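Thanks, everyone, for making the time this morning.

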Amino acid sequence: MARKLLLEHINVPGINTLDVYRSKGGYASVEKALKTMSPEDVVEEVKKSGLRGRGGAGFPTGMKWSFLAKPEGVARYLVCNADESEPGTFKDRYLMNYIPHLLIEGMIVSSFALGAKVSYIYVRGEMMPQIRILEKAIAEAKNAGFLGKNILGSGYDLELYVQPGGGAYICGEETALLESLEGKRGNPRIKPPFPAIAGLYGCPTVVNNVESIAAVVPIINEGGEEYSKIGVGRSTGTKLISAGGNVKKPGVYEIDLGLPVEEFLYSDEFCGGIANGKRLKAVVAGGSSVPILPANLFLKTINNEPRLMSYESLADGGFVTGTMLGSGGFIAFDEDQCIVRNTWNFTRFYHHESCGQCSPCREGTGWMEKVLHRLENGHGSLSDMDLLVDVSKKIEGNTICPLGDAAAWPVASAIRHFRDEFEWHVTNASEAVTRNFGLAHYADPLTKKEAVA
Amino acid sequence: MSVKVKIDGIEVEVEPGTSILNAARQIGGDIVPPAMCYYSKLKDSGGKCRTCLVKVSKGSEKDPRPMPKLVASCRTAVMDGMEVQNITSPEVLEARKGIVEMLLINHPLDCPICDQAGECDLQNLAFDHGAVKTRYEFDRRTFEKIDIGDKIQLHMTRCILCYRCVFVADQITDHRIHGILNRGDHSEISTYIQHAVDNDFSGNVIDVCPVGALTDKTFRFKNRVWFTKPVQAHRDCDKCCGKVTLWYKGEEVLRVTARKDQYGEVEEFICNTCRFDKKKTSDWVIEGPSKVSHKSVISSNHYEFKPLPVVKTNPLLREANEEQFERDTRL
């Protein structure tokens, strides 16, 4: 069993209080960083660790930190993105709920590394219990002298605030988050300028996911070199995966990146296989916005190599036969699930959450939703699939923020891999509303390398 | 200090920091990307409608990599040595066609009863860049008409959410009381509780609206714009510049608008007194008829008729055209 870095003490009773957290070695990284290291050293350690952003895009965190502009006399900010609202992802809520001090410890060290005097945790509005937990934890940390003026006698001041959002998915996009934090309508900004140059209140800002910030703690405690030994290739460290769908044991699991997906899905340590003795049909590997894959392509890459839970291996095959690790929202579908209905459900979500700022996403998501709704309910036509692919292509890449891409990918990939099921919804419309298409050949082993256009 | 940028193979020197769109406007002609939300007089406008997408095939002299995605030309600054493809890139034309289709799927296409018809940016855009038919087969979103004050009517059903009127309210008038409510395709321009917009410059939202969503209640259903004659006029106004266009039908002034340039942008904003209250010829000093583009339906019946120019204002095209003309006449 691999060592856990983030969730090691998750089962200790009272770990959400400062005393218990301290007794388990908590806030050691703050002491180490503030007393023995310079901010540049911390950034260097994070760079060495190869930590990649855990929010979805997988951009190297150390690199992001080193891009931060440092003009004289201008405040810098660190903002923690806890607006976790991707369907299928619930790892950040779990982390904040059970072990809030880990996030706060990470925030202190990261803010120190970036030279931020004020930092914010932007939490999604629906997570009110977690907001209360964080506020309580911050008060505890402040009393113990880990926050406020002159932390641990190092002369470093930090104020940490929790800001509840309004519960909009779009505010998880970093520039929309900053707009919302400033008190404006949560519309994504047009980049450039990037937040590293002009972010919150026009000052240089770094926006990081909860898990990325929490991962800074073990990196500082054990050193970047040590952290980078875990994992495979450029995917280093551990990752929280929120497993959901038709698995026997859904929940949040901490895995070493590079774990074979077959082991993750079927071993008793993790998901424990598909519930009710059914077979696997499809998997969404990283939250609703990544391409969906049929079982055979998910377990093996197109070259018949076993797939691993890592940024590179999941992306093997590009968008044609691959997917993405995304934010780690792992959703498994068994043979009784309807892919058309699922795609419609995802698209309905994106239609609801589109901010309405730029036209392709505003109009296109609604259009796709209506076509999919028609297909699902047996009123579709065979040309609808081509229409959907075309509309998703018109949205993809033409929008201000990645929400347009996120709305387009699930539709395009579902039609690419499950076209026969979509067609069956048209040709056997009356049957499609009463029963599901079933497994077809989606779990068959891949026979030969297909020629891909 | 100026930077060189090549747009569709035509080189132009512009100030650093100019957007690609404005660089293209300096060249003029067919290579100017259409813009529905960008408004040069309004700060921070643009980037939303995505009709002005262009392909940057060479980033700059220093970093010649092409940009991975199509970029909004109204919000992307030029770099030295940048090469941009607009009408020479099939990818751009395809994307633009898609965006026009998207803009039209929730637009009611009630042009026959819309006051904006004939001077509507969306009509022009759809005519120039759109597909013949829409593939959208569902109901369009609809809203109730709202009166914002006694002179302006908001018909949200026609709105394409360009945010121009929000920027006007933000930047021209003292305090903003209208903005966007809700999100996605059900978001709407509103004053929230039908608050009257009653400051002196609020009428400008009518001029900046690219479609017929914000209309002048003193002109609604009075006449089609192509039956009226635009005439330049001015008066001494203590609030604004007083330079306007009067729209005549016979002897009567039907409406007053600000003067617009060739891209449909007003030259200077005018006040509500000039716009709504001064509708007699005696209030104004007439300068003469407005120049109307031969392409516009407004020019259909009147004014000097010029044969369609074979060349645009672009000197390079003109030269090429003269050569072609010579060759043709020689044979």
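Let me begin with the largest nonpolar core, which has 202 residues, and in which the residues with the most contacts inside the core are A:V79, A:V109 and A:V283. Please keep in mind throughout that what you see is a predicted model. If we take A:V79 and leave aside its neighbours within four places in sequence, we find A:V79 in contact with A:Y120, A:Y122, A:L177, A:L178, A:L181, A:L200, A:T205 and A:V207. There is also a second, separate core of 13 residues, and among its members are B:F201, B:C240, B:V256 and B:W284.

As a reminder, an α-helix has 3.6 residues a turn, so residues three or four places apart point the same way. Just after helix 3 of chain A comes A:G50, with a positive phi of about 70°.

Stepping back to the whole chain, chain A is divided into domain 1 (18-229), domain 2 (240-334) and domain 3 (339-432). The C-alpha centres of domain 1 and domain 3 of chain A are 35 Å apart, and the contact between these two domains takes ten residues from domain 1 and nine residues from domain 3. On the domain 1 side of that contact, the residues are seven nonpolar, two polar and one charged.

Turning to the partner chain, 22 residues of chain A are in contact with 25 residues of chain B. Helix 15 (339-353), helix 16 (359-376) and helix 17 (383-395) of chain A each supply at least two residues of the chain A side, with helix 16 giving the largest share, eight residues. By class, this side of chain A has seven nonpolar, ten polar and five charged residues.

Finally, a word on confidence: the model scores ipTM 0.86 and pTM 0.90, while chain B has a mean pLDDT of 87, with 94% of its residues reaching 70 or more.

Note on methods:
Residues are numbered from 1 along each chain as its sequence is written. Chains are lettered from A and ligands numbered from 1 in the order in which they are written. This is a predicted model: local features need pLDDT of at least 70, side-chain atom pairs count only at pLDDT 80 or more; totals for chains, interfaces and linings use all residues. Domain bounds come from an automatic or database domain assignment. Two residues are in contact if their C-beta atoms, placed from the backbone, lie within 7 Å. Ala, Val, Leu, Ile, Met, Phe, Trp, Tyr, Cys and Pro count as nonpolar, Asp, Glu, Lys and Arg as charged, and the others, Gly among them, as polar. Helices (H or I, at least four residues) and strands (E, at least two) are DSSP runs, numbered from the N terminus. pLDDT is the predictor's confidence in each residue, from 0 to 100. A nonpolar core is a set of buried Ala, Val, Leu, Ile, Met, Phe, Trp, Tyr and Cys residues joined through C-beta atoms within 7 Å. A residue is buried if 20 or more other C-beta atoms lie within 10 Å of its own, exposed if 12 or fewer, and partly exposed in between; C-beta atoms are placed from the backbone.
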